[in-house]
Structures are given as C-alpha cells and as structure tokens.
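Have the viewer open as you go through them.

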Amino acid sequence: MMKCRKSLALLTALSLLAGCASGGAASPAISAASEEAGGIPAEPHVPVYTYENPDPDMVLVQSEDGDITYKDYRLYLDVNEELARYSARQSLALAEAVERDLRKNFGIEINEEEFEQMAAQETAMAYLYSPAVFENFPLVGELSGLSEEEMNGALTMSFRQQYLINLLGTHFQKEAEQDFPAAELHAAVDSGAEDGKAETTAEQERQQKIFEAASQRMSEYSQEYEQRLELDNGDGDLLGTFDGEEILLTDEGNRFVEYMAASSRAATADLIREGEMTLRALTALQGEPDRTEFEETLAQYREQIVGQELLYSELTRICGKFGATVDDYLLLLERPLWLQYVGDLYYHALYEEYNALAEDDESRTATFDEYFSVRLEKALEGSELVNVGG
C-alpha cells in the first residue's frame with residue numbers, strides 16, 4: 001500500500017499536467033526545481049528509456065489523406081487515462097473527507113435535493129459550453145462499459161466536491177459575518193452624511209473584512225486538512241484515511257472513476273485527431289510550421305516535470321504499469337504538445353486570413369468564430385477515430 005499525505009499539491013500538479021495534455025496551455029504553471037537547497041546546482045538528469053510499443057501500426061485515426069497510428073500516441077493515451085483514474089480516486093477521497101467534516105465537526109447536513117439542483121444547472125451549462133462531453137457518450141460508454149444512466153450519474157458526481165467546498169465556504173462566511181456585525185459598523189457612521197456615502201463605504205469595508213476573515217479560515221482549514229487526510233496511491237478499494245478512518249471506494253464511486261478515465265481517453269484521442277488534421281490544414285495553407293519557439297518551450301516543460309518531486313514520483317508509478325519510464329512519457333509527449341502549438345498557429349493564421357477578406361467576399365462569415373468553426377470542420381472532414389481503447 002502506497003500513501004501520499006501531500007494530497008492537494010499532487011492533485012493540483014496532476015490536473016495541470018492533464019490540462020496541458022488535453023488542450024491547455026503548452027507551459028502549465030508547474031514550478032521547476034532547477035537547483036537544490038543552498039543554491040547548489042542539481043545533477044543533470046540522464047534519461048532512461050525502456051518502453052516498447054506493443055502495436056505501433058494500429059490505426060487510431062482513419063483519414064482520406066492517410067491514417068494516424070498509435071506509433072506516437074499509445075503511451076500518451078495510456079498514461080493520461082491512468083492519470084484521470086488516479087485523479088478521480090483522489091477527488092472522491094477529498095469529497096468524502098469534507099462531507100464527513102461538515103457533518104461531524106460543523107453540524108452541517110448535506111441537502112441532497114439542493115445538490116441535485118446545482119448539478120442539474122452545471123450539466124445544463126455543460127450542454128451549452130462543452131457539448132463534446134455528451135457527444136462522446138457513446139464512445140465513453142463503449143470504453144467504460146457504463147450505461148447512459150450510469151454515465152449521467154457519474155457526471156452528476158463530478159460536481160459534488162465543489163458543492164461541498166462551497167458549503168464549507170458559506171459556513172466560514174457566516175462565522176466571519178458574526179465577527180463584524182453590521183449594526184456596530186453602521187452605528188459609527190455619521191447619519192447625516194450626504195447621500196449615504198459614508199454608510200456605503202462602511203459596508204464595503206465590512207464586506208472586505210468579512211471576505212478576508214473567511215479566506216483566512218479556509219486557508220487554516222486547508223493546512224490542517226492536509227495533515228488529517230492520507231491518500232492511498234494504489235488501485236484497490238481503499239481510497240485513503242481521514243482522521244485515521246478508512247475511506248472506501250463504493251460501487252457508485254467506481255463508476256465515476258471509470259467514467260472519468262474513459263472520458264479522458266476519448267477526449268484526448270479526439271484532440272489528437274483534431275491536431276493532426278489541423279497540422280495538415282496549416283501546412284497546406286502556409287507550408288511547414290517553424291519549430292524554433294516550440295522547441296524552447298518543450299525543453300522548459302520537460303525540466304519542470306522532472307523538477308516536481310511528487311509529480312515525477314506519481315508519473316514513475318503510472319508509467320511503470322506500461323513498462324515505461326517518465327523519460328519515455330516525456331519523449332512521446334512532444335508530438336501532442338506540438339499539435340497543440342500548431343493549433344494556436346492555425347487559429348492565428350485563419351484570423352489574419354479572415355481580416356484580409358473583403359467585406360463582400362462570399363467566404364467571409366458574420367464573425368471570425370464562425371469562420372474558424374467552418375474551416376476547422378472542413379479540415380476534419382473524412383477523418384474518424386477507431387480503436388480508441390487500444
């Protein structure tokens with residue numbers, strides 16, 4: 001059994017990595033440790049490669065202009081899926097720990113009806129702004145073996161941690177309000193002040209003090225929470241312990257974990273398809289893209305990951321499942337990051353193209369967003385994902 005007490009820091013680092021791998025910025029805000037304590041330069045990292053792709057010729061994207069295989073992507077997809085599975089397990093443990101604390105130490109019972117309403121609102125927002133989540137349901141169901149009802153349940157569970165943290169924040173807010181009663185502040189205000197400006201200023205100052213006090217309470221709680229929660233890094237039924245009491249993986253929780261893992265794999269595979277097709281479209285538009293700036297960013301990014309002890313340790317464990325090292329993963333991360341970089345170049349190229357079009361040009365749409373959407377859809381024509389499960 002492997003345990004990690006640096007739960008929140010590690011989870012944040014993993015989410016940053018996953019965000020980058022799934023289409024975020026090419027240079028996530030992960031602090032690099034370039035020197036050891038005392039200013040002594042760290043020993044240079046010597047890469048070790050052990051990974052062997054079991055089937056590099058398996059097709060991942062079928063395309064009229066040439067198929068894309070698993071050659072550059074198998075380890076990337078496998079590791080990202082495991083990162084998502086691991087993060088989902090930790091999210092369940094964090095949520096359960098907060099829920100126990102709310103009930104036991106703060107006397108706050110969870111209003112399940114209120115939570116369902118909040119989750120329904122978040123789901124509705126996802127329909128509007130992240131339609132791919134639902135478009136991928138058939139593929140996610142195929143990968144995970146979950147029914148549509150089970151996937152909807154897992155999606156609802158994904159909002160629970162934030163709901164519980166909001167409850168905690170509301171509790172601290174109410175405590176802080178008691179420390180700064182409105183009556184006391186308003187009594188100090190000159191009742192004859194012109195247009196009530198003094199009263200308005202006093203209330204603004206009061207709200208600022210309340211905010212600062214509530215934030216301080218949350219910060220203190222988080223630091224204490226880190227010492228009380230011990231996460232398990234394994235794959236079994238034990239998620240961790242909170243105040244020495246076990247947190248176990250339930251059937252509902254397991255469905256959530258598998259849903260998140262399958263969703264990650266499906267979304268990442270689709271980003272690979274989009275990236276490869278975008279690269280072809282950009283090359284046809286402007287020729288081969290210049291890699292100079294990208295190479296510099298890539299080197300910095302790799303150094304950042306190597307310098308993160310907790311993140312590097314967890315990646316080592318996950319890569320080991322596939323007979324790989326973190327160096328293997330970083331090596332194969334180059335292609336996905338390059339596609340992401342190319343996506344930005346394509347966006348800017350189309351923006352310049354759009355602005356250069358005459359107002360009466362028949363290809364000019366009402367907005368650039370619409371123009372970009374049409375061109376991207378055109379670039380993706382004739383391509384589809386296959387063998388996503390590997």
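1. Where pLDDT is low, the predicted coordinates should not be read in detail.

2. On the ground rules: this is a predicted model, where local features need pLDDT of at least 70 and side-chain atom pairs count only at pLDDT 80 or more, while totals for chains, interfaces and linings use all residues. Residues are numbered from 1 along each chain as its sequence is written, and side-chain values use heavy atoms, with hydrogens and water left out. The protein averages a pLDDT of 86, and 85% of the residues score at least 70.

3. Now the sheet. Three strands form an open sheet in the order 3-2-7, with antiparallel pairing. Strands here are DSSP E runs of at least two residues, and helices are H or I runs of at least four, numbered from the N terminus; two strands pair if DSSP finds at least two bridges between them. Strand 3 (68-69) and strand 7 (383-385) are the edges, each pairing on one side only.

4. Looking at the individual pairings, strand 2 (residues 59-63) joins strand 3 over two bridges, and Val 59 stands opposite Thr 69. Four residues lie between these strands in their hairpin, where Gly 66 takes a positive phi near 125°. With strand 7, strand 2 pairs over three bridges; Gln 62 stands opposite Glu 384 there.

5. How do helix 10 (residues 251-286) and helix 15 (residues 368-380) cross? Their axes come within 9 Å, at roughly 105°; axes are lines fitted to C-alpha atoms, for helices over the stretch in contact, and angles run from 0 to 180 degrees between N-to-C directions. The two are therefore roughly perpendicular (65 to 115 degrees; under 35 is roughly parallel, over 145 roughly antiparallel, and the rest oblique). Arg 273, Glu 274, Met 277, Thr 278, Ala 281 and Leu 285 of helix 10 meet Arg 375, Leu 376, Ala 379 and Leu 380 of helix 15. That contact divides into six nonpolar, one polar and three charged residues. For the classes, Ala, Val, Leu, Ile, Met, Phe, Trp, Tyr, Cys and Pro count as nonpolar, Asp, Glu, Lys and Arg as charged, and the others, Gly among them, as polar.

6. Helix 10 also meets helix 5 (residues 137-144): the axes come within 9 Å and cross at roughly 120°, so these two helices are oblique to each other. On the helix 5 side are Phe 137, Leu 139, Val 140, Leu 143 and Ser 144; helix 10 brings Glu 258, Tyr 259, Ala 262, Ser 263, Arg 265 and Ala 266. By class, that is seven nonpolar, two polar and two charged residues.

7. Last, helix 2 (residues 74-104) and helix 7 (residues 160-179) have axes that come within 9 Å and cross at roughly 30°, which makes them roughly parallel. Helix 2 contributes Ser 91, Leu 94, Ala 95, Val 98, Glu 99 and Leu 102, and helix 7 contributes Arg 160, Gln 161, Leu 164, Leu 167 and Leu 168. Seven of the contact residues are nonpolar, two polar and two charged.

Conventions: Contact means heavy atoms within 4.5 Å. pLDDT is the predictor's confidence in each residue, from 0 to 100.
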